[in-house]
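This briefing is meant for a reader who is meeting the structure for the first time. Please look over the sequence and the model before going on to the notes that follow.

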Amino acid sequence: MKTLFLVLLAAAAFSVPAAAITVSTPANNSQVVSPFQLIASTSTCGSVAAVSMGYSIDSATAVIEPTSFTAVVSAAPGTHVLHVKCWGKGTSSQVLLNITVGALIPAAGPTNISVTSPANGAKVISPFTLAAGATTCNSTPTASMGYSIDGGATVTEPPFFSAALTPHLGTHVLTVKCFGQNTTSQVQLTVDVVSPPTTATPQFSLLPGQYTSKQLVAITDPTFGAAIYYTTDGSGPSTASQLYLGPIYVANSMALQAIAIAPGYTSSGLARANYSIVQPSKAPIPSNANHVDQVQAMSGWRIKHDTATPGDAEGAMSPISAPTLTGQTEAFDTSFTNGGGVLYSISYDNDPSAMNFVYDVQVWIAAGSTLSNLEMDNNQVIPNGDTVIYAFQCSGNSNTWEYTENAGTPANPIVQWVRSSSPCNPANWSTNAWHHVQIGYSRDNAGNVTYQAVWLDGVKYPINATVNSAFSLGWASGELVANFQVDGIGTSGSSSLYVDNLTMYRW
């Protein structure tokens, strides 16, 4: 009787009692291979609504699942009791299934798993897409598939699937699996998760600065597929800002800012440009002023290396037909070593009495030219015999307009360049374009020079500085000399500057 009771008790422990739990797979008393698929569901638990389900192998801690679930379960080879459970309000229930975990059935041939993305060894950006599928798994129809990362838990998928994976940066082993009737197979591939590249910073077609007329500004970005967003009021742009669709019309002063975003890239850096639209301005010249026109086309220009500059330099002048404004353009071609400069000068008239001058010239800098300073001077021998030097330059060394002063005496001069507060650098002038320069200054009888202002392309830059600039040089009385000097930068290079409409006004 005792033996019969124990047999009946064992049979009861491993039977499937009547319950609302439905286990679709595996069947009771089935033989499976690890990992195997568990599919179960219920709507009620102990006559009340079910709120959750779960499962465990033998007496292990239950894994909680929803009231309808599919799970991939791993177990050691041997005989086990699979507990499938449900929970309701104040109650629980379970079914018990006997399963035998056997050895994996070897594949009859190569696996039928196809991973279309990513490729083995690929560099990917998180998240990336895993796309795989299999019609058969070790010669049996594929029931499901799955994947795991670095030996982690298997995520179950249908026989053909696409999933978004988000692993951290670094190298990972990706295992893709298939499951069939009592069989499984897998393939492994390595992927390297890298940081996404940065979208290139947008570029503006127009340099920032002051302009005397309305402008069009195009924004470009070399990153393929980049979308550009911009603002014109100085606020920081975002994807909620205006989407760039075409050139921007700059009719008033504005602060233009832009960012770019491309698929698979992080956002670009910020591009910013300030534009000022001002009314054209020009030097005030009285109608009765004397003037010498087209000085650049006069004969008698002197060309020499300015020994006050380092290195060495050579220059040449020649008339050219293009580019031109009047048909009398002159080319100033300069070559240098070690920052040398060439002084081009000419005696253009005689007048010891003039007190006011405007140096007026149109300058074209050919693309590819290398220069640091562009100097435009006027010299005058005044009635007391001293020579007044009106020296003025756009300096790439200080990035300002500069003028000279004599910090000594006319007989014992100490020449020095003085920086103004007005910006200038010839490297920032647009190439292959005409630039209009006017420099206004005056003197007194002692040779003190007042530099009033300089106008570049119709924009006035105040100087408002008075310095002594008289030198006892013994030049001929009343002689007027115009200078045009080009200084190089670096160990060697050359420049081609074209000059037209060089006019010297005086009164």
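Met 53 stands opposite Cys 86 in β8, and in β6 the bridge partner of Met 53 is Glu 65. These positions, like everything described here, belong to a predicted model.

**Pairing around β5**

- Strand β5, which spans residues 48–57, is mostly covered, since seven of its 10 residues are buried.
- With strand β8 (residues 78–88), β5 runs antiparallel and is joined by seven bridges, while the antiparallel pairing of β5 with strand β6 (residues 63–65) extends over three bridges.
- Strand β4 (residues 44–45) is also antiparallel to β5 and is joined to β5 by two bridges, with Thr 44 standing opposite Ala 49 in β5.

**Hairpins on either end of β5**

- The hairpin of β4 and β5 has two residues between its strands, and in this hairpin Gly 46 takes a positive phi near 60°.
- The hairpin formed by β5 and β6 has five residues between the strands, and Asp 58 in its turn has a positive phi of about 55°.

**An open sheet of three strands**

- Strands β10, β12 and β17 form an open sheet in the order β10-β12-β17, with antiparallel pairing.
- Because β10 (114–117) and β17 (160–165) stand at the edges with a single partner strand each, one side of each is left without a neighbour in the sheet.
- From one strand to the next, the twist averages 25°.
- Strand β12 (residues 128–133) pairs with β17 in the antiparallel sense over six bridges, and Ala 132 stands opposite Phe 161 in β17.

**His 435**

- The side chain of His 435 reaches the backbone oxygen of Ser 430 at 2.7 Å, and a polar contact of 2.8 Å joins the side chain of His 435 to that of Asp 457.
- Beyond its neighbours within four places in sequence, His 435 is in contact with residues including Val 361, Gln 362 and Trp 429.

**Asp 360**

- A polar contact of 2.8 Å joins the side chains of Asp 360 and Gln 438.
- Asp 500 is 140 residues apart from Asp 360 along the chain, yet their C-alpha atoms are separated by 9.8 Å.

Note on methods. Residues numbered from 1 in each chain as written. Predicted model: local features only at pLDDT ≥ 70, side-chain atom pairs only at ≥ 80, totals over all residues. Heavy atoms only, no water. Polar contact = N/O pair within 3.5 Å; in protein donor to acceptor, adjacent residues only side chain to side chain. Contact = heavy atoms within 4.5 Å. Pairing = 2+ DSSP bridges. Helix = DSSP H or I, 4+ residues; strand = E, 2+ residues; numbered from the N terminus. Axes fitted to C-alpha atoms, helices over the stretch in contact; angles between N-to-C directions. Buried < 20%, exposed > 50% of the residue type's maximum accessible area, 1.4 Å probe, protein only.
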